[in-house]
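This report describes selected secondary-structure elements of one protein chain. Please consult the sequence and the structure shown here while reading.

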Amino acid sequence: MVVLSEGFEVEYVDADGVRRRVELAECWAEPFGRLPPVRKVRTYPGQKSVTRQYWAATTRGPLLVESQLERHHAMLLDFDPQVTGLAAQPFRLFWPTRRGRRGHVPDFFARADGEGLVVDVRPDDRIEPEDAEAFTATARACKLAGWRFSRVGAVDAVLLANVKWLAGYRHPRYDRPELRQALLEAFAAPQELFAGAGRVGDRLAVLPVLYHLLWRHLLHVDLDKAMLGPRSMVKPAEWVR
């Protein structure tokens, strides 16, 4: 693949901890989904929006975030079964303008379905002209590098609440192999959540494992239509198209 730089430069920290600044064409193949952040999340007195980090099951480590909304999108990327690499503050992109070179640090880089995905988090009503310029430049750089670019904002309230619930069970400690297999068998055909869990055993013991399987997409439930509850219909993953 031939990548043109068009004046874009990228500053990043490589796998050996060395800070580099090179033309886009020299680094597009770097594993940005596994590299350390290019900058620290800074705080100031009185600041209330900074959450600082999100523990990602995808990478088994923390992601630096600067707001609740960023944390929500980190969680949604972590929940996406196509995402196999995920990093926050992955690089600083530079490009030429009439006022000199500008720089911008995207919020996330993901390796999704075998492709690079660069994500900026900013609600529609908080995009200033300089932000729009940065997002346009980032989208252009991503196109040159063969990555996808996405600028995301508010998250649907029902989807967010449901994924937040399942995220509470994302850690591998909730995987109990003996219950996992029993649950996969119990939900070999679609069942209501509580009914299927009750067929396996005590719900207090079984439900955490079931939620973990839903987080890992080994079982499936619709999360964007209604709140997750006892009568939610759980399906085997192979039934989902």
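Strands S11 and S13 (residues 233-236) run antiparallel and are joined by two bridges; two strands count as paired if DSSP finds at least two bridges between them. Glu192 has Met233 in S13 as its bridge partner. The model is predicted, so local features require pLDDT of at least 70 and side-chain atom pairs pLDDT 80 or more, while totals for chains, interfaces and linings use all residues. Residues are numbered from 1 along each chain as its sequence is written, and side-chain values use heavy atoms, leaving out hydrogens and water.

S11 and S13 belong to an open sheet of three strands, ordered S11-S13-S12 with antiparallel pairing. Its edge strands, each pairing on one side only, are listed below.

| Edge strand | Residues |
|---|---|
| S11 | 191-192 |
| S12 | 219-220 |

Helices (H or I, at least four residues) and strands (E, at least two) are DSSP runs numbered from the N terminus. Helix H7 comprises residues 203-215 and spans 18 Å from its first C-alpha to its last, close to the 18 Å expected at 1.5 Å a residue; the expected span is 1.5 Å times one less than the number of residues. Of the 13 residues in H7, 10 are buried, that is, under 20% relative accessible area with a 1.4 Å probe, protein chains only. Among them are Pro208, Tyr211, His212 and Trp215. At the start of H7, a side-chain oxygen of Asp202 comes to within 3.1 Å of the backbone nitrogen of Leu204. After H7 comes His217, which has a positive phi, near 65 degrees.

Terms used:
Buried means under 20% relative accessible area, exposed over 50%, partly exposed in between (1.4 Å probe, protein chains only). A polar contact is a pair of N or O atoms within 3.5 Å; within protein, one must be able to donate a hydrogen and the other to accept it, and residues adjacent in sequence count only if both atoms are side-chain atoms.
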